[in-house]
Amino acid sequence: MEKLGYVIEGRAPYRVSHPDGRKLIFVGDLVDRGPKTPEVLRIVMDMCKSGIAFCVAGNHDEKLKKALQGRDVKVNHGLAESLEQMSHESGEFKRDVMDFLEGLISHYVFDGGKLAVSHAGLKEHYIGRGSPRIRSFCMFGETTGETDEFGLPVRYNWAQDYRGATTLVYGHTPVPEPEWLNRTINIDTGCVFGGKLTALRYPENEFVAVDALRVYCEPVRPIAAPVLARDTDMLDLDDVTGKRVVSTELFKNITIRDENAMAALEVMSRFAIDPRLLIYLPPTMAPCETSKLDDWLEHPVEAFGYFQKAGVTSVIAQEKHMGSRAIVVLGRNQEAVKRRFGINEDVHGAVYTRTGRAFFNDKALEQAFLARVGQSMTTAGLWDELKTDWICLDSEIMPWSAKALALLEQQYAPVGAAANHALPIAAELLAKAGQSELAAKMTARAEMTHAYRDAYRRYCWDVQGLDDYKIAPFHVLAHEGSFNMDKDHLWHLDVIDQLSASDPDFVKATQRRIIDLTDDGQVTAAAQWWEIETANGMEGMVVKPLGFTVKGDKGLIQPGIKCRGREYLRIIYGAEYTAPEHLVRLKARNVGGKRSLAQREFALGHEALKRFVAKEPLYRVHEAVFGVLALESEPVDPRL
C-alpha cells in the first residue's frame, strides 16, 4: 500500500488516505495461510468502513465466515491457522468479522461499466447481476469437472471465451506474472507461496508489485505460467459474421452489413496473411471534388477548398507515389516478432496489401525486403530513437508494374499498342480521302493515346530482384507503446526522412509543401507546383490537415484528399478522357459515397491499431480490421 502511495495512520481504527484520492479494491481471500490474518481483516474492514476501499468475497473468506458461525466445514488450506489466530481475539471482533464477511458481495462494477472486479472471474452476461450461481462463479470460478495429479480441480479457462467490453480484474488462481487475456487480468501472483503481491492501477493499467518476505506456505500444485494470450486468442467465426456494429473512437458506431461481412470472410479466410501480423488495414482515399475549371477533372483548388470550408488553416500537400499500397510490419529481430506478435517462425514480419494478402508471392524475397528495411532502421538509429523493437509503416512500393504486370499485359499495353498502330494510319487515310475534319479528330485521338502510353510507362521498369524495388513510406503508424496517428505529419515525415537518408537508393523520400490556407499566395504556388510536377510524371498529391487526425464541427475531417494529375488520370478514365465530349460527361461524377467510405475505413483502421498498441486481444483488433475489409465490398465507382 505504501508503494501505491497510501498513507497509513493509527491502528484502532486504521486511518488510510491517498494524496490523489485513489481507492483500493481488494479481490478477496484476505484470510488463511498468513501469520497475521486478524490484522489484515482489521485494516481492510476499517478502510471499507471509511469508504477508501472496497472488497469482494473470496472462497477462503466465505469458508472462515461459516466456521466462525459454527457451521460444519472442512478445516484445510490454511483455515486452521486462521481459526487459531482468531481464537485470541475478542468476541466483539469475531462478530464484526462475521458481519463484514457476510456483507461482502460477489463483484463490483465501476467507471460506468468499464471495470468489474471479482475474486475468481466473471462471465460477460453475469456482470452487474446477482444470483447464487453468479456468486459461486465469482468465488470459485469454473472447472472442467476433472481433477489433476495433485487432486485439485482442473480450472476451465473462461477468460479465453470472454468477449466483453468491460475490463475484468480477478485472482484466485496464482500465476507467476499477470497476463492480459481478452480484457481480463489475473493479479494473484502467489504472495503466500513466496511470489509477489500485485496491484493493478486503473485506468492506467499499470502493475505495481512487492516481493513476498518469505514462503508462508508451500503450494500443493506448482504455480503454472499463464497461457499466453497470443497462443490462445483464437479468432471466432461468430466475432465477424452477420450484421455487426463496431464502436470506434472517431466515428462512433459503424455498421457492417451481413453481405459485406461474408465477402470479407472469403478473402480473410482464404488469402490473408497470418492474422497475428494483420494489425491494420489502410482506408481508401477520398477524392477531391470535380474541378470547376474547364480542362481539368481534378485540381488542387477543390482539395484546398474542402479544408478551408472545414475550418482547417494549415495543410500539408504530399507527393502521391505511383506504386502499390503496402503495410510493413517489421520486428527489429526475430525475437521481437516472437515476443510482440506470437510468431514462432524465423521471420522479420510481413508486407501485405490493402486487402490483407501477402505483397510478395516469394517468401524469401519478402524477408529479404524486410531485412533491408530493418537495416535502414538500424543505420538511421531509429530503433533506439523510438525505443522500440517493432514498427508498422504505411507505404507505397515501386514499381507499379511489379504488382500490376498482368493488368499491363492484358489491358493497358494491348490498348496502347493497337491504338498506336491503327489511329495514325486511319488519320492518314482519312486525310487522303479529303475528310480533313475526321482526320484531325483521328490525329487528336492518336496524340491522346500516345500520352496514355507515356502515362503508364513512367511507372514501369524491369524487376529482377530486391535491388529493383523501392519503398516510399509516408506514415509511421505505430511502434512499441506508441500509437502515432495522433502525431502530426511533420513528425512522421521527419522519421521517414531519416530512414530515407540511411538508404536513399531503396527508401524514397516524399516531396511535400506546408500551406497556410489563409494565404492566397501559398495556395496558388502549391497548385502551380502540382501542375508542374504532375506534368513531369508525378501521379498527384494528397492534401492532409497538418494534424494526422482532426475533428471539426461536423465530426471527423477527411484525413486526406487525393488530387491526381491530368496525365495520370488517363490510366484511370481512359486515353481520350480529356476530349471535351468525354470530360463533360465525367464531370457529373459523385464523390460523396467514396468520401463517406474513406472516413469510416479510416476510423476502423485507427481503432484497430489503437487497440493493438494497447495490447487488447486479437479478436478486438480484428473486429476493426475485418470491418475495413468488409466495407471494401460496398458499391462505389472504382475510378474515384
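**Note on strand pairing and helix packing in a predicted model**

1. Strand β11 (residues 196–201) and strand β12 (residues 206–211) run antiparallel and are joined by six bridges; strands here are DSSP runs of E of at least two residues, helices are runs of H or I of at least four, and both are numbered from the N terminus, while two strands pair if DSSP finds at least two bridges between them. L200 has F207 of β12 as its bridge partner. The two strands form a hairpin with four residues between them, and N205, in the turn, has a positive phi of about 55 degrees.

2. The model is predicted, and local features need pLDDT of at least 70, side-chain atom pairs count only at pLDDT 80 or more, and totals for chains, interfaces and linings use all residues. Residues are numbered from 1 along each chain as its sequence is written, and side-chain values use heavy atoms, with hydrogens and water left out.

3. The mean pLDDT of the protein (the predictor's confidence in each residue, from 0 to 100) is 92, and 98% of the residues reach 70 or more. Over residues 226–232, however, the pLDDT is below 50, although this stretch has 19 contacts in the model beyond near neighbours in sequence, a contact meaning heavy atoms within 4.5 Å. Where pLDDT is low, the predicted coordinates should not be read in detail.

4. Another open sheet of five strands has the order β18-β17-β19-β20-β21, with antiparallel pairing. Because β18 (349–352) and β21 (482–483) stand at the edges with a single partner strand each, one side of each is left without a neighbour in the sheet. Strand β20 (residues 470–479) pairs with β21 in the antiparallel sense over two bridges, with H479 opposite S482 in β21. Helix α10 (residues 363–380) lies across β17 (324–331), β18, β19 (390–398) and β20, and runs at about 110 degrees to β18.

5. The axes of helix α7 (residues 258–270) and helix α19 (residues 618–631) come within 8 Å and cross at roughly 105 degrees. The two helices are therefore roughly perpendicular to each other (65 to 115 degrees; angles under 35 count as roughly parallel, over 145 as roughly antiparallel and the rest as oblique). In this contact N260, A261, A264, L265, V267 and M268 in α7 meet H622, V625, F626, L629 and A630 in α19. By class, the contact has nine nonpolar, two polar and no charged residues, where Ala, Val, Leu, Ile, Met, Phe, Trp, Tyr, Cys and Pro count as nonpolar, Asp, Glu, Lys and Arg as charged, and the others, Gly among them, as polar.

6. Helix α1 (residues 37–50) and helix α4 (residues 91–103) have axes that come within 11 Å and cross at roughly 60 degrees, which makes α1 oblique to α4. The contact is made by P38, L41, R42, V44, M45 and C48 of α1 and by F93, D96, V97, F100 and L101 of α4. These residues divide into nine nonpolar, no polar and two charged.

Conventions:
Axes fitted to C-alpha atoms, helices over the stretch in contact; angles between N-to-C directions.
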